[in-house]
Amino acid sequence: MIFTVAIDGPAAAGKGTISRAVAERFGFAHLDTGALYRAVGAKGGDPVAAARNLVPADLARDDLRTLEAGQAASRVAVIPEVRAALLEFQRRFARREGGAVLDGRDIATVICPDAEVKLYVTASAEIRAHRRWLEVGGDPAQVLAEVRERDARDMGRADAPLRAAEDAVVIDTSDLSVDAAVALATAAVARRLGDRPG
Ligand code: C5P
């Protein structure tokens with residue numbers, strides 16, 4: 001079965017948690033596409049060459065989840081050649097046999113416009129910054145400023161800016177528990193699976 005769940009949204013909205021839960025629930029493979037951009041940013045040097053030569057070990061680095069790695073990722077993510085170099089890998093992953101969940105910024109709008117399910121997971125900047133601060137610590141005001149800076153860069157770039165696809169189901173996790181958010185996402189996938197012929 002080929003079945004793609006595309007999950008987009010800003011940093012720290014809960015995409016990762018929801019994606020992993022949906023993948024586990026339905027036995028689909030999961031790709032955190034942000035890790036690709038983080039790995040390119042963390043490699044240093046020419047980002048286009050880094051994107052073209054990405055290897056699995058680059059994704060296994062233990063410094064990819066830091067605030068700095070997130071900022072570096074969003075800086076290389078504005079470069080069209082970097083995005084182009086990562087596109088085919090993501091598309092192939094999305095159409096693999098057995099179902100796939102991809103989370104990122106442009107999955108439903110650019111990578112998989114024909115995805116069977118499109119979710120846009122969001123939350124207020126303050127709540128997302130608080131969640132990120134619980135993970136990484138540091139100065140809360142600084143964490144909020146970084147979240148806003150990354151939002152502005154991701155939403156304002158010319159190539160594949162972050163936005164909800166027209167036919168995406170929007171899940172605002174600001175006032176939702178993890179379980180409630182996962183339940184909404186799971187229900188959207190189950191509905192679409194139920195609609196499929198055969
Ligand atoms: O989701 P995560 O915070 O790991 O993403 C890091 C950065 O990578 C984002 O801020 C964004 O600039 C970039 N990104 C992207 N397209 C994706 C996934 C991530 O531009 N599909």
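Which pocket does the ligand take up? The space taken by the ligand is the largest pocket. This is a predicted model, in which local features need pLDDT of at least 70, side-chain atom pairs count only at pLDDT 80 or more, and totals for chains, interfaces and linings use all residues. Residues are numbered from 1 along each chain as its sequence is written, and side-chain values use heavy atoms, with hydrogens and water left out.

**The ligand and its pocket**

- A pocket is found on a 1 Å grid over the protein atoms alone: it is an open set of points with protein on both sides within 12 Å along at least five of seven lines, where a 1.4 Å probe fits.
- A molecule sits in a pocket if more than half of its atoms lie within 2 Å of the pocket's grid points.
- The ligand is surrounded by 16 residues. The closest are Arg38, Arg83, Arg150, Asp154 and Arg157. A residue is counted here if one of its heavy atoms lies within 4 Å of the molecule.
- By class, the shell holds three nonpolar, four polar and nine charged residues. Asp, Glu, Lys and Arg count as charged; Ala, Val, Leu, Ile, Met, Phe, Trp, Tyr, Cys and Pro count as nonpolar; the others, Gly among them, count as polar.

**Contacts with the ligand**

- Arg150 has a polar side-chain atom 2.7 Å from an oxygen atom of the ligand.
- For Asp154, an N or O atom of the side chain is 2.6 Å from a ligand oxygen atom.
- Arg157 places a polar side-chain atom 2.8 Å from an oxygen atom of the ligand.
- A polar contact is a pair of N or O atoms within 3.5 Å; within protein, one must be able to donate a hydrogen and the other to accept it, and residues adjacent in sequence count only if both atoms are side-chain atoms.
- On its own, the ligand has 460 Å² of accessible area, and the protein covers 98% of it. Such areas come from the Shrake-Rupley method with a 1.4 Å probe.
- Which elements give two or more residues to the shell around the ligand? They are α2, α5 (67–76) and α9 (140–156).
- With four residues, α2 gives the most to this shell.

**Helix α2**

- Helices (H or I, at least four residues) and strands (E, at least two) are DSSP runs, numbered from the N terminus.
- Helix α2 spans residues 33–43 and is mostly covered. Eight of its 11 residues are buried.
- Buried means under 20% relative accessible area, exposed means over 50%, and partly exposed lies in between (1.4 Å probe, protein chains only).
- The buried residues of α2 are Thr33, Ala35, Leu36, Tyr37, Arg38, Ala39, Val40 and Gly41. Arg38 is also among the residues closest to the ligand.
- The N-terminal end of α2 is capped by Asp32. A side-chain oxygen of Asp32 lies 3.1 Å from the backbone nitrogen of Gly34.
- Gly44 follows α2 and has a positive phi, near 75 degrees.

- Most residues other than glycine have a negative phi.
- Ala12 has a positive phi, near 65 degrees. Ala12 is in the loop between β1 (4–8) and α1 (15–26). Its relative accessibility is 14%, so Ala12 counts as buried.
- Ala160 has a positive phi too, near 50 degrees. Ala160 belongs to the loop between α9 and β5 (169–172). With a relative accessible area of 9%, Ala160 is buried.

**Buried or exposed, and how far apart**

- Thr4 is in strand β1. Thr4 is buried because its relative accessible area is 0%. Thr4 and Phe93 are 89 residues apart in sequence and 9.2 Å apart in space, C-alpha to C-alpha.
- Ile107 is in helix α7 (residues 107–111). A relative accessible area of 0% makes Ile107 buried. From Ile107 to Ala94 is 13 residues in sequence and 9.5 Å in space, C-alpha to C-alpha.
- Val136 is in helix α8 (residues 125–136). Val136 is partly exposed, at 35% relative accessible area. Val136 and Gly14 are 122 residues apart in sequence, with 15 Å between their C-alpha atoms.
- Ala60 is in the loop between α4 (56–59) and α5. Its relative accessible area is 63%, so Ala60 is exposed. Ala60 and Ala152 are 92 residues apart along the chain, and 28 Å separates their C-alpha atoms.

Methods. 1 Å grid on protein atoms, 1.4 Å probe; cavity = no way out; pocket = protein on both sides within 12 Å on 5 of 7 lines; lining within 4 Å.
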